[in-house]
Amino acid sequence: MRIQLLPDQLISQIAAGEVVDRPASALKELLENSLDAGSTEVSVALMQGGVKQLRVADNGKGIAQEDLSLALTRHATSKIATLEDLESVASLGFRGEALASIASISRTQILSREQNTKHAWRIASNGSEISPIEPAALDAGTIVEVSDLYFNTPARRKFLKLEGTEFGHCEDAFERIALSRPDVAFTLQHNGRVLSRYAIGAPERRFTEVLGDEFAAESLSLDESAAGLRLWGRAAKPTFNRHSRDTQYVYVNGRFVRDKLIAHAIRQAYQDVLHHDRHPAFVLFLECDPTLVDVNVHPAKTEVRFRDSQAIHRFIFHSLHKALATPTGASNAVTAGQAAHNPFAGLVVVDMHAAHERIMYEKLKNALDAKSVAMQPLLLPVSFHADKLEVAAVHEALASNDNSLQQLGFDIAILSPTTLAVRGVPVMLQQADAVTLARDVLRDLREFGASRALTERRNELLGTMACHAAVRANRSLTIPEMNALLRDMEATERSGQCNHGRPTWFQVSMSDLDKMFMRGK
């Protein structure tokens, strides 16, 4: 086949495949246009999951009569005009292809009235056919109605899911936009029934309305600024975690994004406070100079690139790490513990092993960072039978310039090809079983090598050591020991969770206790 120019209609339909892969994608684009128009009220009405009809009405500034025909033309936009504009995009839309792409695969009509004009104007499309502009009745703003999505591309329509699934995706898109703009009122209808109504209010109120009371109660507020960057929003406590990433919202300059760099920074901040394969919940807003971020990466506009990605990563990690490190949980536990005799503050239950494990873990991290893990020589060295790999791990550590075992507070000697002797252990772990502790540390050293064990595997190794040092679950503590544990919790970062992410304490309120004993019934 010879090279040939494609018809405009086919070009639009190809572009639509990137921009509008389902009704939710069309809804996102229309909502972003409404926000760019300065709207303070936006109403969404869907029929059959948005496939039959998708209608977005706003009270924005409207479209001028002479611009209305360009609204359905590819690469026509009011948001950028030069390369400089593209390199500092502040609006949500800018590519000038969303409306044209939607119109090319649907029956679309736009009614719009520009502010301070006598009446509204209407334009409609039926796939590639665009009607002349005609007068219409509308108080203010713009209404976009998209009907029979993919009516002229049956192959694409076959890939749509059931009505409930498509509506679910539309609702997700609606909520992502609603979360980003608490200064705008939003309404969502499906098949004639109002499902969501969000009034203008403070961000905290909008977070609660969209994500629920439990998220609001179990999340921390943060607002950090540095070097022209700002990160604010709410991040859930590690104990409020999810089995999936369904409650993760990140916005860059008001735009919802899915960015690997940001996701990695957030994962690292939660690294040693989140349990196993669980996922954190958060709604975070990153604000920066628009020239420092490239939003023109993909037509869907959910991917971005940062000019200084390392600085962004560090800023997000440290901001979130700081918020999660605040020992609010421990302070609450101690306050409640001190008020145990007060007939009113409830009951606080502390998992002493988990709490002590976190305390020892943080102490070990700080000591290793300061290269000051003190060693306690054993009065009588403890020898044990070792396999070849354990002996090799000790030999490698002893032969290296920076003895990894010594850094960790251990003195282990090779007595024979099959025998090792523990002659010293970290002071903080002197109550632990020396042989079991040594075997566990050597296992990490031989499996990952000394270099990796003390860098990327450091937290896992120190967690193993801390577990050995922590008080056993069935041991009875004395009153002074209990008080000392609570004091240590109060002074320890992230003391609300052990280093596996499990909670170290919980509180039962007086009202809950009354219910247990059926008071008032």
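Start by selecting arginine 475, which is partly exposed with a relative accessible area of 39%. Keep in mind as you look around that this is a predicted model.

**Along helix 18**

Next, select residues 479-491, which make up helix 18. Show the side chains of arginine 487 and glutamate 490, which sit three residues apart in this helix, about one turn. A salt bridge joins glutamate 490 to arginine 487, with the closest N and O atoms 3.9 Å apart. Glutamate 490 counts as partly exposed at 33% relative accessibility, and arginine 487 is partly exposed with a relative accessible area of 33%.

Then pick Arg358, Glu362, Lys365, Glu493 and Arg494 together, and you have a network linked by salt bridges. How many salt bridges does the structure hold? There are 28 salt bridges in the structure.

**A five-stranded sheet**

One more of these pairs takes you to a sheet. Select glutamate 287 and arginine 230, whose side chains form a salt bridge at 3.6 Å, N to O. Glutamate 287 belongs to strand 14 (residues 282-287) and arginine 230 to strand 11 (residues 229-236), so this pair ties together parts that are 57 residues apart in sequence. Both ends are partly exposed: glutamate 287 has a relative accessible area of 31%, and arginine 230 one of 27%.

Now widen the view to the open sheet of five strands, ordered 10-11-14-12-13 with mixed pairing. Which strands stand at the edges? They are strand 10 (219-226) and strand 13 (255-256); each has a single partner strand, so one side of each is left without a neighbour in the sheet. Color helix 8 (residues 203-211) next: this helix packs on the sheet and touches strand 10, strand 11, strand 12 and strand 14. The direction of helix 8 makes about 40° with that of strand 11.

Within the sheet, zoom in on strand 12 (residues 248-252), which pairs with strand 14 in the parallel sense over five bridges. Here valine 250 stands opposite leucine 284 of strand 14.

Move on to the open sheet with strand order 18-20-19, where the three strands pair in the antiparallel sense. Strand 18 (375-385) and strand 19 (411-416) form the edges, each with a single partner strand, so one side of each lacks a neighbour in the sheet. On average, neighbouring strands of this sheet are turned by 15° against each other, direction ignored.

Highlight strand 19 and strand 20 (residues 419-426): they run antiparallel and are joined by five bridges. Look for isoleucine 414, which stands opposite leucine 420 in strand 20.

Helix 14 (residues 388-399) lies across strand 18, strand 19 and strand 20, at about 120° to strand 19. Helix 16 (residues 434-453) also lies across strand 18, strand 19 and strand 20, running at about 80° to strand 18.

**Last stop: a surface patch**

Switch to a surface view and select Leu347, Val349 and Phe506, which make a nonpolar surface patch of about 250 Å². Valine 349 is found in strand 17 (residues 347-350). With 33% relative accessibility, valine 349 counts as partly exposed.

Conventions: Residues numbered from 1 in each chain as written. Predicted model: local features only at pLDDT ≥ 70, side-chain atom pairs only at ≥ 80, totals over all residues. Heavy atoms only, no water. Patch = residues over 30% accessible without salt bridge, like charges linked within 9 Å, V, L, I, M, F, W, Y side chains within 5 Å. Areas by Shrake-Rupley, 256 points an atom, 1.4 Å probe, with all protein chains shown as cover. Salt bridge = Lys/Arg side-chain N within 4 Å of Asp/Glu carboxyl O. Helix = DSSP H or I, 4+ residues; strand = E, 2+ residues; numbered from the N terminus. Buried < 20%, exposed > 50% of the residue type's maximum accessible area, 1.4 Å probe, protein only. Pairing = 2+ DSSP bridges. Contact = heavy atoms within 4.5 Å. Axes fitted to C-alpha atoms, helices over the stretch in contact; angles between N-to-C directions.
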